[in-house]
Amino acid sequence: MSSPSPDYTLYLVTGRELLPPGKDYYESLNESLEGGVTIVQIREKNTDTREFLEIAKRSKEICHRYGVPLLINDRIDIALAMNADGIHIGQSDMPIEIARKLLPAGSIIGVSVNTPAEAEEVVKGGLADYVGIGALWATNSKKLTSPVLGIRGVGPILQTLEKTSIKAVAIGGIKSSNLLRSLHGAVSPNGRALDGIAVVSEIVSSHQPSVVAQRLCQIIRAFKDRPFSLFSRIYAEPPTAQVLVDSAAHLLCSVKEYRPLVHQITNNVTINQLANATLALGASPIMATSPHEMEDLAKIPGALLINFGTISDKEGMLAAGHYANLERKPIVFDPVGIGATAYRRTTANELLNTWQAAVIKGNAGEIASLIGSNEVKSHGVDSLGSGFSSPKEILCALAKRERCIIVMTGETDYVSDGNLTVKLSNGSAFLGDITGSGCLAGSTVATFCGAENKRSKRSEPSSGEVEGILAAGDMFVGAIAGVLTLTIASELAAQRPEVHGTGTFLSALIDELYNLTPEKIIQRAKLEVV
């Protein structure tokens, strides 16, 4: 039965202790296969050998009726006795060299890995068909022997598998509610993605395993069928600067037409400024922080800004991002002062492992901290020095690692989707002298991303066609529009005769945001594709 190229798309790991009351194990297995499970691993940690063997034999009969291979967890004696299609072993189980010698030729062997070093050992050995990477999320279906890896820990492991034929399956706490986040985030910087997802409780504990399996397969295949993209449009050929400026400028009309709800969890210093700027552009702000509101707010079309300048609402941030991902609502993350304290860095990692940002915005010091560079230092929330010697290289690398659009603000602003990077040279010096100018940029970016998301959803012929993405619309253009809008408005505000300093400038800035037009953006935009 074993195949040289098994389909790892939806990998079921059994666990009879998780069956719902009244549900027969063999019935559940059969229904799971009907729903689309493509490979099965029998896991029986607390079962006598004779009973395990009987379960494995009957499971094999059911699996083979569907042409699906069956693997045994750990117990090579069981695999040999009932002629299984293969075996899955952990780091503390039988060495793979011995397992390969004992098993028949063509048997499938998978190995659990939790670190790049463990994956490198598997690659060196050259004997495994696939690796099981995890645990991605905390899980109750198995006692973990290694730390929870987190989504952002998968990319470095996948990087070690590049240029090999070894397949990769992620496991650990994966459910339909976090599946798309898992698939999107678990990709190496060079685009090496997962070959499959292993699921335990979501299928086994269901009264309708066929329905659950079908839904999981639908999400996985929708993701795999879409072109590789980091929240940006796929262009037939690279767009010119003018094309990007025109697209960004006309997005202002969408803000006013669709009036997206821009949910902003921001620091206490800038709440009023951000709300007024959002209103001036024509969108609708809400500054809610309670975790209890997040599920309902996520259902209202628009965008979510998470600015953790004061990190006083972490539970709300975690919940808001989770529900925004479920509703395909773009998240703009502003990790204010991330380099200042260990707590900020730990919190940022927790947030980014929980939900997927569509855009990450920061100054040079914050970007340096995120990517682990010492080239640019920070002082509190401010960036020190002249910036990166090669901004494009840094931003492309971070965009590919974090799987999103990166915005770097400063005297010169940059936006990158990992493939295309633009340099934006508008702005008044007054912006650097007022509190929260970077926070304002996050707010305007979220406003335009929300409008683009709402516009895109309205124009979709059917929701099924965008099943495989976490935020519909071109967030690259949305980010460009947000930066250009703020910086061009700042130039216009600084030129007003009544502006004599930062106090009068801030009021004038809100006025210019209110009076901005697509024509003004097109006339004044200084954008260069780098």
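**Cysteines, salt bridges and a charged patch**

The structure holds zero disulfides (a disulfide being a pair of cysteine sulfur atoms within 2.5 Å). Cys404 is in no disulfide. The nearest cysteine sulfur, that of Cys449, is 11 Å away. For Cys449, the closest cysteine sulfur is in Cys404, and the 11 Å between them is too far for a bond. In general, a disulfide is a covalent bond between the sulfur atoms of two cysteines. Cys404 is buried, at 0% relative accessibility. Cys449 is also buried, with a relative accessible area of 0%. Buried means under 20% relative accessible area, exposed means over 50%, and partly exposed lies in between (1.4 Å probe, protein chains only).

The model is predicted: local features need pLDDT of at least 70, side-chain atom pairs count only at pLDDT 80 or more, and totals for chains, interfaces and linings use all residues. Residues are numbered from 1 along each chain as its sequence is written, and side-chain values use heavy atoms, with hydrogens and water left out.

Salt bridges number 18 in the structure. A salt bridge is a side-chain nitrogen of Lys or Arg within 4 Å of a carboxyl oxygen of Asp or Glu. Lys23 takes part in a salt bridge with Glu27, at 3.9 Å from N to O. Lys23 also pairs with Glu31, where the closest N and O atoms are 3.0 Å apart. Lys23 itself is buried, with a relative accessible area of 13%. Glu31 is buried as well, at 18% relative accessibility. Glu27 is partly exposed, with a relative accessible area of 37%.

Another salt bridge links Arg496 and Glu498, with the closest N and O atoms 2.7 Å apart. Glu498 counts as partly exposed, at 37% relative accessibility. Shared partners join Arg496, Glu498, Asp511 and Glu512 into one network of salt bridges.

A negative surface patch is formed by Glu293, Glu295, Asp296 and Glu327. Patches are made of residues with over 30% relative accessible area and no salt bridge; like charges are joined within 9 Å, and nonpolar side chains (Val, Leu, Ile, Met, Phe, Trp, Tyr) within 5 Å. Asp and Glu count as negative, Lys and Arg as positive, while His and the chain ends are not counted. Asp296 is exposed, with a relative accessible area of 53%.

Terms used. Areas by Shrake-Rupley, 256 points an atom, 1.4 Å probe, with all protein chains shown as cover. Charge placed at Lys NZ, Arg CZ, Asp CG, Glu CD.
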